[in-house]
Amino acid sequence: MNQAANTDYTIVLHKDDGTIEEVEEWFSLNVAKKIAAKAYDARVSVVNSPVTAIEIRDYEGNSIQIAKFSD
């Protein structure tokens with residue numbers, strides 16, 4: 001019997017004006033990492049993007065992983 005993956009993780013975008021935008025869905029850690037990686041790749045290719053960091057958080061608000069972009 002297979003166990004369902006825990007869907008305790010979400011993606012958070014940090015913007016240059018200090019605001020954060022949280023994806024309103026919860027994913028397994030593997031899926032959250034894949035989504036964050038795709039968001040990272042997309043962000044790298046955009047000039048003057050307002051996104052300064054992409055973060056994976058758990059349901060308690062703990063930061064699991066964060067990728068920050070330099071100016």
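**View 1. The hairpin of β3 and β4 in this predicted model.** Four residues lie between β3 and β4 in this hairpin. Glycine 61, in the turn, has a positive phi of about 90°. The two strands run antiparallel and are joined by five bridges, with β4 covering residues 63–68. To find your bearings along the pair, look for glutamate 55, which stands opposite isoleucine 66 in β4.

**View 2. Strand β3 beside β1.** β3 also has β1 for a partner: seven bridges join these strands, which run antiparallel. A handy landmark here is isoleucine 11, whose bridge partner in β3 is isoleucine 56. How much of β3 is buried? Seven of its eight residues are, so the strand is largely enclosed by the rest of the structure.

**View 3. The largest nonpolar core.** This core has 10 residues, and both isoleucine 11 and isoleucine 56 belong to it. Two or more residues come from each of β1 (9–15), α1 and β3 (51–58). As a general background, nonpolar side chains in soluble globular proteins tend to be buried together.

**View 4. The aromatic pair of tyrosine 40 and phenylalanine 69.** The structure holds one aromatic pair. The ring centres of tyrosine 40 and phenylalanine 69 are 5.1 Å apart and the planes meet at 25°, so the pair counts as stacked. Because tyrosine 40 lies in helix α1 and phenylalanine 69 in the segment after β4, the pair ties together parts that are 29 residues apart in sequence. Are the two residues buried or partly exposed? Tyrosine 40 is partly exposed, with a relative accessible area of 35%, whereas phenylalanine 69 counts as buried at 14%. Leaving aside neighbours within four places in sequence, phenylalanine 69 also contacts residues including Val44, Thr52 and Ala53.

**View 5. Arginine 43 over the ring of phenylalanine 69.** Arginine 43 belongs to helix α1, which covers residues 29–44. Where does arginine 43 lie relative to phenylalanine 69? Arginine 43 is over the face of the ring, at 4.4 Å from the ring centre. Not counting residues up to four places away in sequence, arginine 43 touches Ser49, Val51, Ile54 and Phe69.

Conventions. Residues numbered from 1 in each chain as written. Predicted model: local features only at pLDDT ≥ 70, side-chain atom pairs only at ≥ 80, totals over all residues. Heavy atoms only, no water. Contact = heavy atoms within 4.5 Å. Core = buried A, V, L, I, M, F, W, Y, C linked by side-chain atoms within 4.5 Å. Buried < 20%, exposed > 50% of the residue type's maximum accessible area, 1.4 Å probe, protein only. Pairing = 2+ DSSP bridges. Phe/Tyr/Trp six-rings, centres within 6.5 Å; stacked < 30°, edge-to-face > 60°. Lys NZ or Arg CZ within 6 Å of the ring centre and 35° of its normal.
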